[in-house]
Amino acid sequence: MSNVSIDVAPGPGFRYNLWTTGCQMNEADAARVAALLEAAGGRSVDDAREADLVLLNTCAVRQQAEDKAHVRLRYVGQLRRRNPRLVVALMGCMVGTNPERMAALREAYPFIDLFLPPSDLRPLREFLATREAAPTGDGVGCVGGGETDDGRPPVPAPDGIRAYLPAVLGCSHACAYCVIPYRRGAERSRPSGELLDEAQELVRRGARELTVLGQIIDRYGLDRPGEMHLPELLRRLAEIPGLLRLRFLTSHPNWFTDELLDAMADTPVLCPYVELPVQAGSDAILAAMRRGYTAEQYRALIRKIRGRIPGVGLSTDIIVGFPGETEADFEATMSLMREVRPDMIRVAKYSPRPQTLSARTMSDDVPAEVKEARRVALEGLLRDFLTEKHADYPGRTVEILVESVEPGGRRRGRTPDAKLVFVDGCDAPPGTLLPVTITWAGPFSLIGEPG
Ligand code: SAH
């Protein structure tokens, strides 16, 4: 761990601008950073030009995400030239946990004052503490060493009525294409006592829906001898008075257990919804991806889940254009999706990521236009079967949790199986469970009226 001098520091009552991209885990990290900055007297501003401190919370899962961060960094560099007292902090998967990466970033962007590995707030906490000790403006920042944040992270104010609860940090699975294990470090579960306290505090502050997060959330507790596992954690969270809905993500087919299905079947607060990425429908590609299951095993798991939890919502992720993916491989993915008909498919075009097995040993040989055509084909398929699936919704009554009020007063909420619903002619505040009769159904949203 090395110290760097920062001869600029935000004064008391400073303004900060937080820019964040990427997954739900990043959003959860951003909420914690905001809580820490607010506790130190900071006030959020939307325009980075008005800020004393700018923090970029980055994603590296695909090249496109990283490119976006480089564009933003160049803009922040211009702001810094205009205002040499501006403090610049870079956080997240672009930083990672490797000191050499941080050194390379420092060389490319010498104006960055603070580096924060994903989910690790210590460098910012130390910076803020030093700033308090030296209010003259000669603060000292500290480069993070990439360990877990040992102090209890600050409990953020929930964003409206929904909040995230990061339960498993990092990942040790090492799918051939994925950079997350290299940037978020080894898998580690947070203690259940800490999670239950944090959840209670979030609900006390107004959260009505919690989403428990992990790269392979089903593995919760397995790395902590004596710790409870995911089904028990979910049952305990569901008992928190005032909590109306509980969700969890992301699942991995190899770790999704019968006990988890039992918990879903008998815990009303726990929503009937699973996010279960399959990534491909061809066994050759699944093996090359090091996913650890076959398409038939995935099909069998989906049959079991649907048999046990009627009406369960299913979301999946697909990567198109993985090295060596032939037309026949892609057709296997299309046919798996035609058969399974998930409620959501998040399609990503493969991009090689540093250090990963696929980037090191396989050539990115599917042409860009073929990747794009495959993405379009899958998304077209999704649109078609969602249109069909939703055709019988008009006239049906569903229950939504109102989560926000749109401009014009329209309510926005979701069903337990995560269908997006808009409701007109209703003044129920966010946090209300509301029966809604559907009047219109499209592939990606439904419209209804109260009652
Ligand atoms: N832990 C989860 C989510 C990982 S990241 C899982 O195991 O599925 C979210 C999604 O990004 C992945 O599901 C995958 O579809 C996509 N993704 C990850 N690495 C990628 C890469 N190199 N190129 C394209 N998409 C990628």
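Biologist: Where is Thr 250 found?
Modeller: Thr 250 is found in the loop between strand E12 and helix H8 (258-266). Helices (H or I, at least four residues) and strands (E, at least two) are DSSP runs, numbered from the N terminus. This is a predicted model: local features need pLDDT of at least 70, side-chain atom pairs count only at pLDDT 80 or more, and totals for chains, interfaces and linings use all residues. Residues are numbered from 1 along each chain as its sequence is written, and side-chain values use heavy atoms, with hydrogens and water left out.

Biologist: What makes the peptide bond that joins Leu 249 and Thr 250 cis or trans?
Modeller: Omega is about 0°. That bond is cis.

Biologist: Why is Leu 246 called buried?
Modeller: Buried means under 20% relative accessible area, exposed over 50%, partly exposed in between (1.4 Å probe, protein chains only). Leu 246 has 0%, so it is buried. Its place is in strand E12 (residues 245-249).

Biologist: Which residues does Leu 246 touch?
Modeller: Leaving out residues up to four places away in sequence, Leu 246 touches Leu 210, Val 212, Leu 234, Leu 237, Ala 238, Val 269, Leu 270 and Cys 271. Contact means heavy atoms within 4.5 Å.

Biologist: Is Ser 119 buried or exposed, and why?
Modeller: Ser 119 has a relative accessible area of 11%, so it is buried. Its phi is near 60°, a positive value in a residue other than glycine. Ser 119 lies in the loop between strand E6 (114-116) and helix H4 (122-133).

Biologist: Why is Arg 290 called partly exposed?
Modeller: Its relative accessible area is 45%, so Arg 290 is partly exposed. Phi of Arg 290 is also positive, near 60°. Arg 290 sits in the loop between helix H9 (283-288) and helix H10 (295-308).

Biologist: Why are H11 and H13 called roughly parallel?
Modeller: The axes of H11 (residues 327-340) and H13 (residues 368-390) cross at roughly 15° and come within 11 Å. Axes are lines fitted to C-alpha atoms, for helices over the stretch in contact, and angles run from 0 to 180 degrees between N-to-C directions. Angles under 35 degrees count as roughly parallel, over 145 as roughly antiparallel, 65 to 115 as roughly perpendicular and the rest as oblique. H11 and H13 are therefore roughly parallel to each other.

Biologist: How do you know that the span of H13 agrees with its 23 residues?
Modeller: The expected span is 1.5 Å times one less than the number of residues. For H13 that should be 33 Å; the end C-alpha atoms are 33 Å apart, so the two agree.
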